[in-house]
Each structure stands twice: as structure tokens, then as C-alpha cells.
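Please examine the chain shown here.

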Amino acid sequence: MTYKKWLTLHHLLIVLCVLMIPLLIYKGIGISQKLSIIDQAEALYEEKNLIDAETLFQKARSNKTIQYKEELISSRLEEMAPITAMKENLSGILGQASAAARGDDFERLMDAYASLQQIRSSYMTPEGPYSEYYKQVSEQYGISQSFMDYFKQFRTALLEEPERNLENGHYDDESFKWKLLRMPAHFFGTEQEWLDQLNAVFQQYDETKLERITASGYIEAMLQNASSMVKQYEAHEHKAPWVISKTNELMDSLLKQDWDNKDYAAFALHSRQFESFASSANPRSKVLAYAKDGIAKLLRSAKKSTASGNYQEAIDLYRALGNYQDTKAEIRATELAWVAAEPVRLLPASGDGEGYKHVAGGTKKFGSNVYVAATDAGNQLFFGRMNSEESVQILSNRDLSSHAQIHSLRIDPVLSTSSTPVVVIEADSAARETLYMAFEVLEDRIQLLFSFEADDLIVQNDDTLHVVNPHGEGEGETAIYVRYGDHFEFTGVKQTYVDISADDVAFYPGTLVRFTSTITSPGTGEVLAFGQNSYIMLQGDFTFYEGEATVTGRFTHYTEHYMEFQESGTTEEQYTSSPDDSIIVGQPAGRFIRIPVVKVESVSQ
């Protein structure tokens with residue numbers, strides 16, 4: 001039999017019928033199930049079991065094997081639409097929460113929980129028609145248990161974060177606090193129990209963090225963290241008194257340590273840093289009061305040091321206090337007071353490191369607030385002055401030999417003028433007792449005014465100089481110098497004499513003396529003069545006239561002079577011995593006598 005013969009219409013119908021049998025069976029089962037579901041749903045509906053009834057009516061609607069009581073199904077489902085919506089919403093929320101837990105998405109879980117709360121509040125109203133149905137659906141779906149599990153999962157993860165932050169020393173992300181605070185407390189016990197648990201975790205974490213930052217020396221960072229924590233807790237309306245308490249404890253210990261160690265710069269810095277924190281976070285802090293009291297003590301101590309002349313101590317304190325407040329003005333005032341007390345501080349540090357050997361200075365003179373003259377180890381002369389605008393000028397001069405041994409340096413009050421100081425230096429001299437040098441300080445330079453080697457120098461009130469036994473002009477005398485322009489010129493020597501009786505000239509050998517005698521006869525160059533009891537020979541480049549004369553000169557030696565005596569009216573008893581024991585009167589006429597010779601320097605008749 002061929003295939004074509006076998007494949008007849010008759011056989012084809014048989015095959016089709018065989019293939020339809022499963023379909024008919026499936027359809028029959030579906031029809032049977034739908035009829036049964038409708039009956040069960042209707043029975044549940046009659047029993048007011050709308051939750052299960054709605055489920056079966058939904059199942060009947062989805063059964064399309066037969067169109068049977070479709071109007072009834074639609075009517076019942078329309079009536080139970082709120083229950084359908086309830087189920088769909090809770091199912092969707094549960095799905096969202098499940099996805100959040102799987103994805104570690106806390107915000108999504110909170111959104112799901114917020115949606116749950118919203119739906120719950122819409123159904124769970126007093127005497128609400130669907131409150132009981134909501135309870136049944138929620139219990140049926142395991143809503144509470146699921147959310148509890150999800151929140152516990154997040155709680156476990158979040159409570160690991162503070163330990164991880166402390167281990168790593170990274171505190172940038174502390175969102176775990178605010179996530180934990182947002183969690184529903186009823187999942188973990190009573191609200192107070194959950195709050196106590198969180199506070200214990202937060203306090204341990206916060207205090208440990210602040211301690212570790214402080215131990216690392218980052219005080220500013222610690223205070224910033226404390227301030228940030230206070231603000232964040234306030235923003236989340238959560239009380240965290242331990243933050244301020246711990247900060248006070250740490251700063252109290254630190255400030256007392258600074259004070260005990262006399263590290264006033266650190267004390268001032270930490271006081272300022274803490275004041276910035278406490279002024280807003282804890283203005284009544286006892287630690288803040290302690291810090292302010294310490295600052296006040298340091299300020300008083302600095303002022304006291306300045307008043308007692310301990311300028312460096314005062315400046316050190318003011319510089320330390322600069323970490324707390326601006327003390328530039330106080331430092332500058334102290335420096336000026338120090339300069340006024342020690343004008344040499346106007347000058348730069350000496351290059352040889354040995355400092356300045358001879359110093360003279362003062363204040364409020366020569367048009368300067370402060371002035372100073374000084375020489376360094378190399379005998380370079382410096383003059384420094386500061387004006388009212390605190391501008392400082394430094395001048396120098398090298399005219400003095402670096403090998404000279406300086407005895408003294410002074411600013412001479414007579415040689416100086418109201419605007420121009422004159423510095424006088426006394427140093428060793430090879431030829432005389434002292435080398436005297438004077439330097440005039442002009443606007444732009446120091447100029448040598450004079451230099452003498454002499455036994456003494458006397459500055460007269462008329463600005464003349466009396467130079468005693470100078471080397472050079474006027475040697476052996478007191479030379480007189482007068483200023484002409486920018487230098488002094490020799491004008492002669494000082495005439496000094498002793499007033500005596502003419503009979504006593506022999507008692508003053510070499511001394512310039514003045515006496516009155518009677519010249520017995522006129523002459524030039526040399527004449528004989530008579531005192532009260534003795535004769536004197538006067539010699540000098542003068543023309544002498546007979547009669548009384550006032551003579552200035554020096555006794556130099558004796559001479560033998562022949563004298564002829566008149567007999568009449570003269571007896572030996574009328575005369576006494578002269579200072580040289582030569583008898584002049586009362587001796588036989590016509591003999592040589594020994595008489596003193598006076599070299600005359602001036603004569604007045």
C-alpha cells in the first residue's frame with residue numbers, strides 16, 4: 001500500500017481527532033476548575049471572607065477556558081477593588097523592600113517602609129471598613145517579619161561602620177548614625193531601649209575618635225569634628241551631651257599641660273581654638289573661663305616684664321599670645337621701649353659677633369626719638385638714630401685705627417648742637433697720655449672734627465679747646481684751638497700764672513708767675529728790678545721803663561751781679577736775707593751778689 005493511498009481524508013480526520021483529545025481534556029479540566037473556583041469564591045464572599053474570595057475571583061477571571069458568570073466575577077471584583085489594591089500595594093512594597101535588602105540600598109528600604117506606613121495609615125483608621133482586611137493581608141504577606149528582617153540586616157551592617165572608621169582613622173562618612181536613628185525602633189524593642197543602645201554606640205565612637213585625633217596632635221581638627229558633631233546631632237534633633245563633655249575634658253587636660261610646661265604659645269593657640277568652639281557650642285564652659293583667665297595673666301605678666309625692663313621676656317610672651325590675639329602693637333611698643341632703654345639695639349648685629357665695645361646714647365635729642373653711638377671690635381664708629389616715624393638711619397666711620405685701644409666714648413654736650421651730635425673718643429697714644437678724636441654726625445655721614453694726642457683735653461663753654469701738652473703745636477703748654485668751619489685751628493697757648501711777691505720768685509722755678517716790682521733804671525732786654533727786700537734781674541724782648549711794673553714770667557736761674565751801695569742812709573740792719581741767702585743791703589759797697597733771673601713773658605707799666 002502506498003503512502004498516498006493510506007493518507008486518505010478518512011485517515012486524516014482520525015488523526016485530527018486523536019490530536020484534539022488532549023486539548024479537550026485540558027479545556028475540560030479548566031472549565032471544571034473555573035466552575036469550582038467560582039463556587040468557592042462565592043461561598044467565601046457570603047462568609048465575608050473577602051481576602052480569600054478576592055483571590056479566587058481573580059483566579060476565576062484569569063481562567064479563560066469558558067465564559068461563565070463573567071458578570072458576577074466582574075461585579076464581585078469591582079466591589080472588592082480596595083482589597084485588590086491593598087494586595088497589589090503591599091505586594092509591590094514587599095518587592096521593593098526585598099530588592100533594597102538584596103542591593104544593600106538603605107534609602108530604598110526606607111522609601112518602601114514610608115510607603116508601607118502611608119498605606120497602613122490609609123486603611124488602619126478608627127472604625128475603618130478595611131482595617132481588619134489590612135491586618136489579614138499584612139499577616140498573610142508577612143510584612144512585619146520581612147521588614148524586621150531587612151532592618152536587622154541593615155542594623156548589623158551599619159553597626160560595623162564605626163569600628164571600621166576607628167580602625168582606618170577615616171571619619172568622612174558617619175551616615176551610619178543617621179541611618180540607625182531613622183530605623184523604626186519597634187523592630188528592636190522599646191523606643192527607649194533602642195535609643196539607649198544607639199547612644200552607647202555613638203558615645204563610644206565619638207569619644208574614641210576625639211581622643212585619637214587629640215593624641216595625634218590635631219587639636220584644630222578635633223575641635224572642628226566636635227563642632228560638626230554637635231551641629232549634626234542638633235540637625236537630627238538628637239541629644240549627645242557626651243560630645244561637649246568629652247571636648248571639655250580633653251581641652252582641660254591639654255591647657256593645663258601647656259600651662260604647667262610653660263608652653264605659653266601652645267596655651268594661647270589652644271585657648272583660641274577652644275574659644276572658637278565653645279563660644280557657640282558651650283559658652284559657659286569652665287574650661288573656657290580657665291583659658292581666658294590664663295590669657296589675662298599672661299598679658300599682665302608681659303606688661304609687668306616691660307615695666308621692669310625684662311623686654312625679651314615681655315616680647316616672648318607677646319609673641320606667644322599672638323596665637324590668641326593680635327599683639328603686633330604690643331610687641332612694637334616693647335621693642336621701642338627696649339631701644340629707648342638700650343639704644344645700641346638700633347644698630348645691626350656686629351659682623352664679628354663680638355658686639356659693640358663702647359656705647360653712648362639717649363632719647364629725645366638731636367631731632368631723634370632714640371640715638372646711639374658705638375664702636376665695634378674693629379674700632380669702626382657707628383651712629384644710629386630713629387625718628388618719630390620709627391625710621392632708622394645708620395651711619396659709620398673708619399677714621400680710627402683698628403689697632404687703637406679705646407678708653408671711652410661719649411657724646412659731648414658742649415661740642416654738640418641741638419641738631420648735630422659730636423662723638424668724642426679717647427684712646428691710647430704712643431706720644432702722650434691720650435688720643436682724642438671727635439666725630440661730627442651730619443645728615444648723611446660721620447665727619448672727623450679733630451684728632452689730638454695730648455695729656456688732657458678740656459672743652460670750654462665757648463666751644464674752644466684747651467689741649468694740655470699736645471703732640472705738635474703748643475707742645476709743653478696748654479694749646480688753644482678754635483673752630484673754623486668743619487675743623488679746629490691752633491690759635492696759641494694758654495697763659496697761666498701764679499700771683500706772688502717779687503721777693504719769692506726763687507720759690508717757683510719754671511712756673512709762670514706774676515708779681516709787681518720796681519725797675520731801677522730803664523733799659524731794653526735786661527734790667528734790674530727791686531722788690532721789697534731783694535733784687536731781681538728781668539730779661540726779655542721788651543723795653544723796660546723806670547718805675548713800678550707788673551711782670552709775668554718764669555724764674556730760670558741765678559746770676560752774679562756787681563752792686564755799688566750808697567753810704568748815706570743805708571745800714572746793714574735795714575735789709576734782710578733774700579730767698580737765696582744772698583745779702584744785698586748792709587754789705588760793704590761794691591761787690592758781686594747772686595740774684596734770681598726772671599724770663600719775662602709780659603710786662604705792664
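Predicted model: local features only at pLDDT ≥ 70, side-chain atom pairs only at ≥ 80, totals over all residues.

Residues are numbered from 1 along each chain as its sequence is written, and side-chain values use heavy atoms, with hydrogens and water left out.

Me: How many helices and strands does the chain have?
Reply: Helices (H or I, at least four residues) and strands (E, at least two) are DSSP runs, numbered from the N terminus. On that basis the secondary structure comes to 16 helices and 18 strands.

Me: What percentage of the 605 residues in the chain is buried?
Reply: Buried means under 20% relative accessible area, exposed over 50%, and partly exposed in between, with a 1.4 Å probe and protein chains only. Of the 605 residues, the buried share is 41%.

Me: Which elements give two or more residues to the lining of the largest pocket?
Reply: A pocket is an open set of points, on a 1 Å grid over the protein atoms alone, where a 1.4 Å probe fits, with protein on both sides within 12 Å along at least five of seven lines; lining residues have an atom within 4 Å of a point. The largest pocket holds about 250 Å³ of space, and of its 14 lining residues the closest to the centre are L116, Q117, R120, S144 and H186. Two or more lining residues come from each of helix 6 (106-123), helix 7 (131-141) and helix 8 (143-168).

Me: Which helix gives the largest share of the lining of the second largest pocket?
Reply: About 160 Å³ of space lies in the second largest pocket. Its lining includes L181, M183, W194 and H238. The largest share, four residues, comes from helix 10 (residues 191-215).

Me: Within what arc do the buried residues of helix 4 fall?
Reply: In helix 4 (residues 70-79), the buried residues are I73, R76 and L77. They line one face of the helix, because seen down its axis they fall within an arc, taken from the directions from the helix axis to the C-beta atoms, of 95°. On the other side of helix 4, E71 and E78 are exposed, whereas the buried residues keep within that arc of 95°.

Me: Which residues does N282 touch, not counting residues up to four places away in sequence?
Reply: N282 is found in the loop between helix 13 (264-281) and helix 14 (286-307). N282 is buried, with a relative accessible area of 17%. Contact means heavy atoms within 4.5 Å. Beyond four places in sequence, N282 touches I244, N248 and F277.

How values were computed: Points joined across faces, edges and corners; volume = space filled by probe spheres on them.
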